[in-house]
Amino acid sequence: MRLAYVVPRYGAEVVGGAEMAVRMLVERVASSLDWSVEVLTTCARDSRTWANEYASGTSVENGVTVHRFAATGRDPGFDAFSGHVLLGPTPSWSDQQEWMQMQGPVSDELLDAAASSEADLGVFSPYLYDPIVRGVPRVGGRAVVHPAAHDEPALALPILAPVFTDAAGFVFYTHGERRLVERRFAVGHTPSLVLGLGVEPPASPPDPAALGIDEPYLLCVGRVDESKGTGLLAQAFAAYKARRPGPLKLVFAGQVVDRPVEHPDVVVAGPVPEDVKWGGYAGAVGLVQPSPYESFSLVLIEGWLAGAPALVNAACLATREHVSRSGGGLTFGSYAEFEVAVDRLLGDPGLRGRLAEAG
């Protein structure tokens, strides 16, 4: 079997996101199966700019052959134009095309390589970007898509429909994602699999004191970004502390895109080493995943392995499914629910242990 994975960005430096999930799968397919695997991608590293940061050409990374092609990055006017395309009535076809081009990354060389590849299957992920939107129709009957779809305005754009209707098969991360895609598109007949994702536990037990915080704390791991719900979480936490004075802190660990409002009990740690992250999980009262837009959440799985119960945004299909299927945490859909959930986690160590164990 020969597989060619097509992703907008790829590399060990790419942390988080659907592309990291693909790299985890690619490396394990390459090392565990007698299959030929290659990756076709751009030279981009940062999904906010899609600037060409890697050198173009072919390299071998962790046993995987990677072909990189230069691409056009994000247009500076993209964010402003997105409001017109995503938040109003269905935009014209030309506006959708312009939106795709402005979003980036765009590489005709990458598309040509995908179409001419001799691989038995072209595997595309995630659904949202130009290499996938134009690549899936070109590969046609050999195209398998890991959509990493969630319920967001872009999913309703007609220009994205061929990613789903032209695919020969799907690999979904959750049962909810499969239901969402089958409701939105006429693809119930298309072969599909709910595969999920795995994580690698640390080699040694995590140190609960690794973050260096003596007070009890809630932990949020991942990109600190308004679109990830971190601003919402910071506001809810500030309201909680106004009503429940005490030593509880909130710690953000991850790349900072949008710094939350200043608060004496909010700690913005920024990116932390792996051992500190795992220790942070082990020492937390709870791991909060506030994002409404996730197709899977590796950090919840990591948190459960380290002994942290989960508290997730009820608006997120994937994380809500993680919690409901496992019994590994609580959900909140309003401030009142957030307050009750934090009270329960903070006041009942036995509950915290049972939730983490169930997860």
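Residues are numbered from 1 along each chain as its sequence is written, and side-chain values use heavy atoms, with hydrogens and water left out. Because the model is predicted, local features need pLDDT of at least 70 and side-chain atom pairs count only at pLDDT 80 or more, whereas totals for chains, interfaces and linings use all residues.

Helices (H or I, at least four residues) and strands (E, at least two) are DSSP runs, numbered from the N terminus. Two strands pair if DSSP finds at least two bridges between them. An open sheet is formed by 8 strands in the order β3-β4-β2-β1-β5-β6-β7-β8, with mixed pairing. Its edge strands, β3 (57-61) and β8 (192-194), each pair on one side only. Neighbouring strands are turned by 20 degrees against each other on average, direction ignored. Within this sheet, β6 (residues 143-145) pairs with β7 (residues 169-172) in the parallel sense over 2 bridges. Val145 stands opposite Phe170 in β7.

Axes are lines fitted to C-alpha atoms, for helices over the stretch in contact (heavy atoms within 4.5 Å). Angles run from 0 to 180 degrees between N-to-C directions. Helix α4 (residues 108-116) lies across β1 (2-6), β2 (36-42) and β4 (64-69), and runs at about 160 degrees to β2. Helix α8 lies across β7 and β8, at about 150 degrees to β8.

The other open sheet has 6 strands in the order β11-β10-β9-β12-β13-β14, and its pairing is parallel. Here the edge strands are β11 (266-268) and β14 (329-332), each pairing on one side only. Strand β10 (residues 249-253) and β11 pair in the parallel sense over 3 bridges. Leu250 stands opposite Val266 in β11. Helix α10 (residues 274-283) lies across β9 (217-221) and β12 (286-289), running at about 140 degrees to β9. Helix α11 lies across β9, β12 and β13 (310-313), at about 175 degrees to β12.

Helix α8 (residues 175-184) packs with helix α12 (residues 317-326) at an angle of about 135 degrees, with the axes 8 Å apart. The two helices are therefore oblique to each other. Angles under 35 degrees count as roughly parallel, over 145 as roughly antiparallel, 65 to 115 as roughly perpendicular and the rest as oblique. From α8, the contact uses His175, Gly176, Glu177, Arg179 and Leu180; from α12, it uses Leu317, Glu321 and Arg325. By class, these are 2 nonpolar, 2 polar and 4 charged residues. Ala, Val, Leu, Ile, Met, Phe, Trp, Tyr, Cys and Pro count as nonpolar, Asp, Glu, Lys and Arg as charged, and the others, Gly among them, as polar.

A cavity is a set of points where a 1.4 Å probe fits but cannot get out; a pocket is an open set with protein on both sides within 12 Å along at least five of seven lines. Lining residues have an atom within 4 Å of a point. Grid points are joined across faces, edges and corners, and a volume is the space filled by probe spheres set on the points.

The largest cavity holds about 40 Å³. Strand β5 gives the most to its lining, with 3 residues. The lining has 8 nonpolar, 2 polar and 1 charged residues.

The second largest pocket has a volume of about 190 Å³. Of its 13 lining residues, Tyr173, Phe296, Glu321, His322 and Arg325 lie nearest the centre. Helix α12 supplies the largest share, 4 residues.

Notes
On a 1 Å grid over the protein atoms alone, a cavity is a set of points where a 1.4 Å probe fits but cannot get out, and a pocket is an open set with protein on both sides within 12 Å along at least five of seven lines; lining residues have an atom within 4 Å of a point.
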